[in-house]
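Subject: Structure for you to look at

Hello,

Here is the structure I said I would pass on. Please open it alongside this message.

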Protein chains: 2
Amino acid sequence: MDPMARPVVHTDSVRQELLAAAADLVDREGPARVTLRDVATAAQTSTTAVYSLFGGKSQLLTAVVDDGFRSFRDSQVAAAPDGLRALGLAYRTWALEHQALYRLMFGGALAAYADCRPSPDAAADAMEPLLEAVAAAQSAGTLLVAPVESVATAIWGQVHGLVGLELAQVGSPDTDWEAVFASALDAVARGWGV
Amino acid sequence: MDPMARPVVHTDSVRQELLAAAADLVDREGPARVTLRDVATAAQTSTTAVYSLFGGKSQLLTAVVDDGFRSFRDSQVAAAPDGLRALGLAYRTWALEHQALYRLMFGGALAAYADCRPSPDAAADAMEPLLEAVAAAQSAGTLLVAPVESVATAIWGQVHGLVGLELAQVGSPDTDWEAVFASALDAVARGWGV
DNA sequence: CTTGTTTCGTAACAGTGTTATGGAACAAGG
DNA sequence: CCTTGTTCCATAACACTGTTACGAAACAAG
């Protein structure tokens, strides 16, 4: 009994191909131009696969965002040994290299597209290197002793905000964002340093 | 000759009703839930009016954003006499009161929805009170003398970034954002003060 | 080879932005 | 007053979206 029936084609490898295709489309065309038919075609399968493997478009995009947080966190971890300022610079670099994905992750654009949010843990994990760097600087005596999370969030906000303004192309078109970013990091050091 | 033909119904008042209906829907349901048919129904006209008065959905949303920048600028102008810190507080207040609109204006969400950007002038105008406050503080000797635009952009970035993180609900769910915001403003004062 | 069961590609559905079309509305001339 | 001419706009069609239902395909067992 219990015949094996038709073999499964919607395997985990197809799942990863769909993820890659979706991420690629998001980065190249922006989230609005991502259609399930295009994603399925790029992954050489049908739209049904998205439903059987993810549940729908919003879950697929959520998975893309979660992957983005992992990649972002890796870049933060890699920069962590070089200190706080390196974290800030790595933050901007990653954002500029993955603009569409960055917007999807932090711009709240995803919530606007589909009623879904990335796993809160992903964002928290990405913040971990910063938290550790802040704590280390505090115990090293180079940073004001205040609630770690407050300091880290404020610093994150500074970096995040400047990147956001740069990506939104707000302000004067000929702004030297790199210089502004550098002097903002200086001001952060002065503002939170001992 | 030149008969007057059928009288015009798509007047400027219909245009403003459409704008109001669209802004209302954006604020209540978010940009993704805004459909031309709903907007037209709310304004008691047909979808054609959107095309004859704005050109399409993206232009309608752009107009909503431009209006948002005007409202935002007004709140900044109102807070300007009370100094730099008041500008920051007013910034956050306005953003929290118009979350969906704020995301549309600064989150780059609009570009993701439709291929259009708000008039750059609108954002520049909104920044004017901050520029003046920075310049005033510099000549009063309470702020580091550095390129006004760099200082203003960095400060704007700090405020914008924290608000963005708060709206995106990134970080610990029980974060006391008001306190973080206040201490960040303190750090800005220390970082850029003389 | 038939049967039974599971799987998934195709095609249909509801809803979107956008465009085309035909009727509606009025001034001028008979 | 009616016809005509001209302009305008609401309705209906179109192409495309995410999603769902269906029926054919694929294999094990009898």
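This is a predicted model: local features need pLDDT of at least 70, side-chain atom pairs count only at pLDDT 80 or more; totals for chains, interfaces and linings use all residues.

DNA strand D

There are 22 residues around DNA strand D, and those that come nearest are A:Tyr51, B:Arg6, B:Val9, B:His10 and B:Ser46. Of the atoms of DNA strand D that come within 4 Å of the protein, 62% belong to sugar and phosphate. By class, the surface near DNA strand D has eleven nonpolar, six polar and five charged residues.

Some individual atom pairs can be checked directly. In chain A, a backbone N or O atom of A:Lys57 is 2.9 Å from a phosphate oxygen of DNA strand D. On the chain B side, the side chain of B:Thr48 has an N or O atom 2.9 Å from a base nitrogen of DNA strand D.

Domains of chain A

Chain A is assigned domain 1 (1-55) and domain 2 (64-192). Taken over C-alpha atoms, the centres of these two domains are 31 Å apart. Eight residues of domain 1 are in contact with eight residues of domain 2. About 600 Å² is buried between the two domains, with carbon and sulfur atoms giving 74% of that area. On the domain 1 side, the residues touching domain 2 comprise six nonpolar, one polar and one charged. Zero salt bridges are counted between the domains, and zero residue pairs in polar contact are found there with both residues at pLDDT 80 or more.

Chain A and chain B

In the interface of the two chains, 39 residues of chain A are in contact with 39 residues of chain B. The area buried between them is about 3,300 Å², and carbon and sulfur atoms give 61% of it. Zero salt bridges are found across this interface, along with four residue pairs in polar contact, both residues at pLDDT 80 or more.

On the side of chain A that touches chain B, the elements giving two or more residues are helix 6 (99-106), helix 7 (109-113), helix 9 (148-168) and helix 10 (177-192). Helix 9 of chain A gives the most, with 14 residues. That side of chain A divides into 19 nonpolar, 14 polar and six charged residues.

Regards

Note on methods:
Residues are numbered from 1 along each chain as its sequence is written. Chains are lettered from A and ligands numbered from 1 in the order in which they are written. Side-chain values use heavy atoms; hydrogens and water are left out. A residue is near a molecule or strand if one of its heavy atoms lies within 4 Å of it. A polar contact is a pair of N or O atoms within 3.5 Å; within protein, one must be able to donate a hydrogen and the other to accept it, and residues adjacent in sequence count only if both atoms are side-chain atoms. Ala, Val, Leu, Ile, Met, Phe, Trp, Tyr, Cys and Pro count as nonpolar, Asp, Glu, Lys and Arg as charged, and the others, Gly among them, as polar. Domain bounds come from an automatic or database domain assignment. Contact means heavy atoms within 4.5 Å. Buried area is the accessible area (1.4 Å probe) that two parts lose on being put together, summed over both. A salt bridge is a side-chain nitrogen of Lys or Arg within 4 Å of a carboxyl oxygen of Asp or Glu. Helices (H or I, at least four residues) and strands (E, at least two) are DSSP runs, numbered from the N terminus.
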